[in-house]
Amino acid sequence: MASVAIRDVRKAFGQVEIIHGVSIDIEDGEFVILVGPSGCGKSTLLRMIAGLESVTGGEIAIADRVVNQVPPKERDIAMVFQNYALYPHMTVGENMAFSMKLRKAPKADMDARVKRAAEILGLTPYLERYPRQLSGGQRQRVAMGRAIVRDPQVFLFDEPLSNLDAKLRVQMRTEIKELHQRLKTTTIYVTHDQIEAMTMADKIVVMHDGIVEQMGAPLDLYDRPDNLFVAGFIGSPAMNFIKGRGAVNGVASVKSDSGIDLPLGPDMNGGTANLDGRPVVYGIRPEHLHIAEGGLPAEVVVVEPTGSETQVFAKLGGQEVVAVLRERVTVGPGDIIPLKPEPGLVHLFDGETGRRL
């Protein structure tokens, strides 16, 4: 196991720079997830850590050793890819042992490591099968087993679950998290799925356009997003945003562009200094909107029952918002409902910079 230090790392293809001075410290044994939309640079950064892409500027250190010029096979890392990358003519056991065979490891050691990895991943009954005889989830476990057999200092995962169906993704999330808890190996995981990031990571790094927007524990990012991008990316359904201006008339509030008064909590984001007349964005998560007496009148557009909760899409002052309700509701399109935000759970952002106030 080892720590990983990424210090002011840049990556350019020709004149086009796509990673702009990223710095991340990953502690020994930590499970860190790089998350962001397609094209944000997360997979490129992972490939630079693996040595599959060169570093244009900055340093990458694994266990305090700068590895910028170190070949991938000498970095003591193991990577699990999105497409499994299994050899079809080899059995499960042969696939898992292949890297050790290349290193000419003793057969007894090789067999012992394959047996241990197979037991951890529930693959013992499948060691003599070929990849074509396995399900998608079993193939992904074989790819993980091949990484475990190497006993690396760092595991790298590049969107390993994106080819699986929804139910299998949930199962594999649990298996990967349980695997990390058992092995305690430093893990860097790339995904565009913020649900994967929230449920699995010790630390999330949110990337956008080649920079780090925010990093921290999952619930810290959820409860206190630094800016509009993080607030809109973390959480499903996404946070509701309503543009307006601050108003201080005894009690602080936000007057939306459509003229609706939106309540703020008494200790809202450090007080109301310089709020009056200031352009702001009022953020409220869907689960913090409730149907309650005294709420703001909203016209129902679509109702989506999911079983444990109901998602209600409605127009509030001409702007569409979504509320996630735990209780069963009997409302339909065109109905007017009173939606009440929880003032103490409002997020307020600067209307010009998008930064949290």
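Student: How do the side chains of Glu178 and Arg182 meet?

Tutor: In a salt bridge, with 3.9 Å from N to O. The term needs a side-chain nitrogen of Lys or Arg within 4 Å of a carboxyl oxygen of Asp or Glu.

Student: What should I know about the model itself?

Tutor: This is a predicted model: local features need pLDDT of at least 70, side-chain atom pairs count only at pLDDT 80 or more, and totals for chains, interfaces and linings use all residues. Residues are numbered from 1 along each chain as its sequence is written, and side-chain values use heavy atoms, with hydrogens and water left out.

Student: How many salt bridges does the rule give?

Tutor: The count comes to 13 salt bridges.

Student: Which helix holds both Glu178 and Arg182?

Tutor: First, the general idea. An α-helix has 3.6 residues a turn, so residues three or four places apart point the same way. Helices here are DSSP runs of H or I with at least four residues; strands are runs of E with at least two; both are numbered from the N terminus. Now the case. Glu178 and Arg182 lie in helix H5 (residues 166-183), four residues apart, about one turn of the helix.

Student: How do I read their accessibility?

Tutor: Buried means under 20%, exposed means over 50%, and partly exposed lies in between (1.4 Å probe, protein chains only). Glu178 has 43%, so the label is partly exposed. Arg182 has 48% and is also partly exposed.

Student: Which residues do salt bridges join into one network?

Tutor: Asp8, Arg10 and Glu17, through bridges that share partners. One of these pairs is Arg10 with Glu17, at 3.4 Å from N to O. Arg10 is partly exposed at 31%. Glu17 is partly exposed at 32%.

Student: How far apart are Asp111 and Lys107 in helix H3?

Tutor: They are four residues apart, which means a separation of about one helical turn. Their side chains form a salt bridge at 2.7 Å, N to O. Asp111 is partly exposed at 38%. Lys107 is exposed, at 57%.

Student: Now the helices. Which residues of H2 are buried?

Tutor: H2 covers residues 92-102, and its buried residues are Val92, Gly93, Asn95, Met96, Ala97, Ser99 and Met100.

Student: What covers the buried residues of H2?

Tutor: Think in contacts, meaning heavy atoms within 4.5 Å. The cover includes helix H3 (107-121) and helix H4 (136-149). After H2 comes Lys104, with a positive phi near 60°.

Student: At what angle do the axes of H2 and H4 cross?

Tutor: Axes are lines fitted to C-alpha atoms, for helices over the stretch in contact, and angles run from 0 to 180 degrees between N-to-C directions. A crossing is left-handed if the near helix is turned anticlockwise from the far one by less than a right angle, and right-handed if clockwise. For H2 and H4, the axes come within 8 Å and cross at roughly 35°. The crossing is right-handed. H2 contributes Val92, Asn95, Met96, Ser99 and Met100 to the contact, and H4 contributes Val142, Gly145, Arg146 and Val149. By class, five of these residues are nonpolar, three polar and one charged. The classes: Ala, Val, Leu, Ile, Met, Phe, Trp, Tyr, Cys and Pro are nonpolar; Asp, Glu, Lys and Arg are charged; the others, Gly among them, are polar.

Student: How many aromatic pairs does the structure hold?

Tutor: Rings of Phe, Tyr and Trp (its six-membered ring) pair if their centres lie within 6.5 Å; planes under 30 degrees apart are stacked, over 60 edge-to-face, and the rest tilted. The structure holds six such pairs. Among them is Phe31 with Tyr189, a tilted pair at 5.9 Å centre to centre and 35° between the planes. Phe31 sits in strand E3 (residues 31-35) and Tyr189 in strand E8 (residues 186-191), so the pair ties together parts 158 residues apart in sequence. Phe31 and Tyr189 are both buried.

Student: Why is the pair of Phe229 and Phe233 stacked?

Tutor: Because their ring centres lie 5.7 Å apart and their planes are at 15°. Both residues lie in helix H8 (residues 228-233), four residues apart. Phe229 is partly exposed at 22%, while Phe233 is buried at 17%.

Student: Which residues form one aromatic cluster?

Tutor: Phe31, Phe155, Phe157 and Tyr189.

Student: How many helices and strands are in the protein?

Tutor: Eight helices and 19 strands. Of the 357 residues, 49% count as buried.
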